Amino acid sequence: MQAEPTHRVRIQDKKKLVIVAFFVFCLFSLLILQFFKIQVVECDKWQQKARAQHQFTIAEPFHRGVFYSSGNLSSIHEDPPQALVVDLPMFHVYVDPESLTESSKEPMMNALAPIMGWNEQMISKVRKEFDKKSRSRKIATWITHEHKEEIETWWKGFARRCKLPSNAIYFVQDYKRSYPYGKMLGQVLHTIREDKDVLTHQAIPTGGLEYSFNQLLQGKEGQRLMLRSPKFSLDRGDVLQLPQNGHDIYLTIHPFIQAIAEEEIERGVQLAQAKSGWAVVMDVNTGDILAMAQYPFFYPAEYRKYYADPSLKEHTKVKAITDCYEPGSMLKPLSLAIALKANKERELRGEKRLFDPEAKVDVGKIQLPGRKVPMKDTSTARFLNMNMALQKSSNLYIAGVIQKVVDTLGEKWYKEQLEEVFGFGKKTGIELPSETAGFLPSPGKCYPNGKLQWSVPTPGCLAIGYNLLANGVQMLRAYAVIASGGYDIKPSLVKKIVNADNQVVYERTPSRKLVLDSAITDRVIEAMKFVTKNDGLAARADIPGFTRAGKTGTSEKIRGGTYAKNVHVATFIGFTPAKEAKIAILVGIDEPPHAPIPGLGAMYFGGKCAAPVFGKIATRVLQYLGTPPDDPDHTDMVQEVKTLKNLFWQWNKR
Amino acid sequence: MNGKVMLRMLFCLAVFTVYLYHIVHKQNTLNHLSMQIPKETLDLKVIEEQNVRLRFLIDSFESPDHLMQLAHSPQYAHLRHPISTEVLHIAQGSPLHSKEVPQGPKVLHPFKLHPVLAVGANR
């Protein structure tokens, strides 16, 4: 009797059980279906969402290529190439304001300010960043590894105490252009701006070699995975794409020679109380620029200061290539070389020579056609030969000789010599931006105002370095033609370029094209040697133990379209040793005062302020290189100088 | 007979187990090492960057400007740059009293010996 209802219950239970089981099965099936939908059908969508929450990619910075100095120059020094620029790893500090609590912001500021050395203005600026509705605000840039560690140590304890997420402050690494030698070679190297191009994330160069070689120096960013979760701070994941580093550039600059040039030009400018000055040292056989110094200096790391102040901005450019001026007397040795070449040209044609360098010339009788104001000499001497003319820097003698050249061989021939042999009116091709080509007048061409560039008196003016414009490196190149025995020397700052895989992609091989006969250059050098001896205008360019040759120049600057009588550029270019020269040096002193300096006298002459700087640089460079003296007893040309002096007095006695 | 087969099978199983253990152990070691690679890479990078920073500090200290300043100080006033003809270059160094003739490949980068005599010496 009792078993029946139990049996009935069991059947009912079974039915219920089946229904429940079916229901559960359906639910489970739905779950499986949903699971299938999420895992398989919408796999990509949810994967992306998950990745967006826990992973993101950041740019992996690349190393911008750096500049290295030249290696061994002399057998007595072990000089491996030195990095002139280093990309130092530094950090930017970011904060996540949304994860900070109101009560934690003030204590954070109080703790961060002393570590970062912020002033009141900076504190209020950063404090405002803390209140912004953002997940990422940059609060400090370019902090050192030590500062980063200090912040991290403080933050660990602070975040735990205030129950803040440990990634509410985080660091992003970047590489900062840093200069181990400070201001050295500042104008030539230049720098890159602290901010980067928003689209390409590439550095923006401010000028100099950084600008010229920007395409090669810049690399390509890689990609790195970053992981985050509520419990853990940002963790660096794998590198998805390796960054591509830029090319490294090996310069011809030698750091010690550069330092010598910078020290001496600074001293020279300060002594002459001039506005600025520059010195360029070049290997006359290869055209390698060993030093390119300029004072006042430009500190690349402080570039903002220079660009913010108009009076400092001009010190950011390389004046030896950007500023051109009339070379004045420095052109005289080159004019004589052209005159000697004209002599040879005439001899080849079977005609009589134009002039005899040893002959006594009455400069008082020289007539220069087309001049409204007669040309004058600073010296009152009337009778000169070529050596005396260069020694005393005679305008009349040299202008007279060139007038003969033009009268016989023509204006075109003369212009070709200045252009093709000495490179006037053409850029030297040195690897720096903003090089000026200078100016060389052309027969038949007109200025914008309609006046002819080349008129009757032009050759006479060109002969003594007026009516044309040239930059310092152009002049140095022209002198290197004489010093090297007639070879066309191309000045260069770059020795080789190496890519990120250490493969040499460019290596410079100096070209040696003969443009002038060595007999001509030898004769000009002989005359130039008298300039740096007693009775010469550049006797102060003395280099103890070594022979040297050179020429001074004192040009008036053009102000408001006319020659300013009181504003000068004083220059000296010379090379040493005189025979088989090793180095040529250009020294330019910009705007030395016209008025005499107490105790020193008038310092605006090239022989007074530029020549001594040449002497000091050359002496120290030759000592550094260990070059054996070629005139240890200082007896070179003593007899010749004496003979020339006697002859001069004999011809010009009153 | 069955006992012998069992014994052989047990022996094979034992060898197989040892071999398997060895493989698993080796795999674990490899896994352990591969797990250390990212950490070691990071450490290496930190050391390399530290090296760059230190090199920068050394270069700043040894800058030509600073070395010239030092050279101007009185304690180094007696020093001078040697002339290239005063410096002896020895192409390859070899022990003075060694009886053995050096064998093997030639030194590709022969070192230069700069005798102390070259700097500040009176000849």
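In this predicted model, helix α13 (residues 332–348) of chain A packs against helix α18 (residues 472–483) of chain A at an angle of about 45°, and their axes lie 10 Å apart. That angle makes α13(A) oblique to α18(A), and the crossing of the two helices is left-handed. On the α13(A) side, the contact is made by A:Pro333, A:Leu334 and A:Ala337, while α18(A) contributes A:Met475, A:Ala478, A:Tyr479 and A:Ile482.

With helix α16 (residues 411–421) of chain A, helix α13 of chain A packs at an angle of about 120°, the axes being 11 Å apart. Angles of 65 to 115 degrees would count as roughly perpendicular and those over 145 as roughly antiparallel, so α13(A) and α16(A) are oblique to each other. The crossing of α13(A) and α16(A) is right-handed. Here the contact draws on A:Ser335, A:Ile338, A:Lys341, A:Ala342 and A:Glu345 of α13(A), which meet A:Trp413, A:Tyr414, A:Gln417, A:Leu418 and A:Val421 of α16(A). The residues of the contact between α13(A) and α16(A) divide into six nonpolar, two polar and two charged.

Another helix pair is formed by α9 (residues 255–272) and α20 (residues 606–625) of chain A, which pack at an angle of about 160° with their axes 9 Å apart. The two helices, α9(A) and α20(A), are therefore roughly antiparallel to each other, and α9(A) passes α20(A) in a right-handed crossing. From α9(A), the contact takes in A:Phe256, A:Ile257, A:Ile260, A:Ala261, A:Glu263, A:Glu264, A:Ile265, A:Gly268 and A:Ala272. Facing them from α20(A) are A:Cys609, A:Val613, A:Lys616, A:Ile617, A:Arg620, A:Val621, A:Tyr624 and A:Leu625. In this contact of α9(A) with α20(A), 12 residues are nonpolar, one is polar and four are charged.

At the level of domains, the assignment for chain A gives domain 1 (63–250) and domain 2 (255–652). The centres of domain 1 and domain 2 of chain A, taken over C-alpha atoms, are separated by 46 Å. Across the boundary, 35 residues of domain 1 of chain A are in contact with 36 residues of domain 2 of chain A. Between them, these domains of chain A bury about 3000 Å², of which 67% is on carbon and sulfur atoms.

Most residues other than glycine have a negative phi, and most peptide bonds are trans. Against that background, the peptide bond from A:Tyr295 to A:Pro296 is cis, with omega near 0°. The proline, A:Pro296, sits in the loop between β12 (289–295) and α10 (303–308) of chain A. The peptide bond from A:Thr576 to A:Pro577 is likewise cis, here with omega near -15°, and A:Pro577 is placed in the loop between β22 (562–576) and β23 (583–590) of chain A. As for phi, A:His201 has a positive value of about 60° although it is not a glycine. This histidine, A:His201, lies in the loop between β6 (192–196) and β7 (203–205) of chain A.

Notes: Residues numbered from 1 in each chain as written. Chains lettered and ligands numbered in written order. Predicted model: local features only at pLDDT ≥ 70, side-chain atom pairs only at ≥ 80, totals over all residues. Heavy atoms only, no water. Axes fitted to C-alpha atoms, helices over the stretch in contact; angles between N-to-C directions. Helix = DSSP H or I, 4+ residues; strand = E, 2+ residues; numbered from the N terminus. Parallel < 35°, antiparallel > 145°, perpendicular 65-115°, else oblique. Left-handed = near helix turned anticlockwise from the far one by under 90°. Contact = heavy atoms within 4.5 Å. Nonpolar A, V, L, I, M, F, W, Y, C, P; charged D, E, K, R; others polar. Domains from an automatic or database assignment. Buried area = accessible area lost by both parts, 1.4 Å probe.
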